Amino acid sequence: MGCCDTPGLMPVSTAIDILLDQTTPLTQTENVSLIDAQNRITAEDIRSPINVPPFANSAMDGYALRCADLEKSRTLVLAGKSFAGIPFEGDWPEGSCIRIMTGAEVPVGADAVIMQEQTEVDGDQIIFTASATAQQNIRPIGDDVKQGAVVIPKGTLLTPREVPMLATLGIANVTVIRKPKVAFFSTGDELRQVGEPLGKGEIYDSNRYTIRAMLEKMHCEAIDLGVVPDCPEKLRQTFLSAADDADVIVTSGGVSVGEADYTKDILDQEGEVGFWKIAIKPGKPFAFGTVKDALFCGLPGNPVSVLVTLHVLVQPLLAKLAGHTQWQQSIALKAKAETRFKKAPGRTDYQRAIYRMNEQGELVVASTGNQGSGAFSSLSLANCFAILEQDRGHIEVGDSVMVEPFSAVLN
Ligand code: AMP
Ligand code: MG
């Protein structure tokens, strides 16, 4: 343990290791049509059934010819045309050429295409103003993808970079891993639904909106179980039915010391759950374990803590569960502090910040100000987390700071 580690707090990396260790990827698959394949994860390697391009074709509008003919004469006779979808078929005599359009099949025997800008047309005589090298402007068969090659490995998230690739291969259906089912609810007697008036001491339940929005961005099936009051029997019933319906249960609130007792007692009886104190700010109180066959992630109640722990801790777990083998947390970049960042040593801070390129072309980062774990407003001002390492104290203007631009899940 380093000089500034706080005894009893679990480092973030240890927590992630345990979460991942307890998570077994889903294996059940579904067959979906390509139109529904976006944001799904491949359950097997996808091999190309065809060559791409399936035939040698022209990269230019111009003329297909034999280089040997051009060496003998700069003027060749036009013998036919090959357009995209309407190839030239048949023989074309020595000393002739074929008019060809981009994407059109190169006629058998042609070994070069000269672009039309390098020609002059005189009736059916084509005068070439440039010479040709073999295979010039020809896209060979299989140049992009070879038939039988693995194009998309198992465990890939299908995005606008993969779905059109599958269309190029003519693949109409894809076998994908089923989506993780995640049941979630908020706990707390003080919580009211949006649209209702607030009574004395009450606040609106915002965490369920955070959880739902992020689960959907993480491509999970989100099962909203509403708000559960701080009532042992209601909590017990909700946990048990959630465990029947879902692979993972995510809750907010009721896991910090003192008022965690209901949740803790129930989970001691119905599952195996550890109540952790993680060296992260915000987001220190976190519960993790199993309830029947479901994994359980108990997030703190404070709204910013919910977002940060979902992002830092729950996201890697869900990626592994979903079978997304190439998932990685967004990369952090080194920036220069433009403002002071207040920090005490002992925990890794995920502070809300704004990064930008300054006039000198340097990456710089400024704090959004209030970093309270309940102060959600500064999140919408921010475009990144400033990740301030566990053992660091205050960061002064000009110091180096790692910034993690908000990923797709938070945008
Ligand atoms: P707890 O962990 O239950 O003690 O909650 C910590 C803080 O977060 C308290 O101020 C709660 O009122 C607040 N909080 C808990 N749940 C929610 C929620 N669903 N939406 C907004 N704030 C919440
Ligand atoms: Mg509470």
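Before you click on anything, one term: a residue is buried when its relative accessible area is under 20%, exposed when over 50%, and partly exposed in between, using a 1.4 Å probe and protein chains only. With that in hand, select Arg192, which is partly exposed at a relative accessible area of 26%.

A word on what you're looking at. This is a predicted model, where local features need pLDDT of at least 70 and side-chain atom pairs count only at pLDDT 80 or more, while totals for chains, interfaces and linings use all residues. Residues are numbered from 1 along each chain as its sequence is written, chains are lettered from A and ligands numbered from 1 in the order in which they are written, and side-chain values use heavy atoms, leaving out hydrogens and water.

**Stop one: Arg192 and Glu202**

Arg192 sits in strand β14 (residues 191-192), and Glu202 in the loop between β14 and β15 (203-204), ten residues apart. Helices (H or I, at least four residues) and strands (E, at least two) are DSSP runs, numbered from the N terminus. Glu202 counts as buried, at 19% relative accessibility. The structure holds 19 salt bridges, so let's visit a few others. 

Select Asp205 and Arg208. Their side chains meet in a salt bridge, 2.6 Å from N to O. Is this pair buried or exposed? Arg208 is buried, with a relative accessible area of 8%, and Asp205 is buried too, at 2%.

**Stop three: helix α4**

Next, show residues 207-217, which form helix α4. Which of its residues are buried? They are Asn207, Arg208, Thr210, Ile211, Met214 and Leu215. To see what covers them, bring up elements including β13 (181-187), β16 (221-228), β17 (248-252), β21 and α7 (303-321). Just after α4, look for His219, which takes a positive phi of about 65°.

**Last stop: Asp244 and Lys292**

Finally, select Asp244 and Lys292, which form a salt bridge with the closest N and O atoms 2.9 Å apart. Asp244 lies in helix α5 (residues 232-245) and Lys292 in the loop between β20 (285-291) and β21 (294-299), so the pair ties together parts that are 48 residues apart in sequence. Asp244 counts as exposed, at 55% relative accessibility, whereas Lys292 is partly exposed, at 43%.

Key
A salt bridge is a side-chain nitrogen of Lys or Arg within 4 Å of a carboxyl oxygen of Asp or Glu. Contact means heavy atoms within 4.5 Å.
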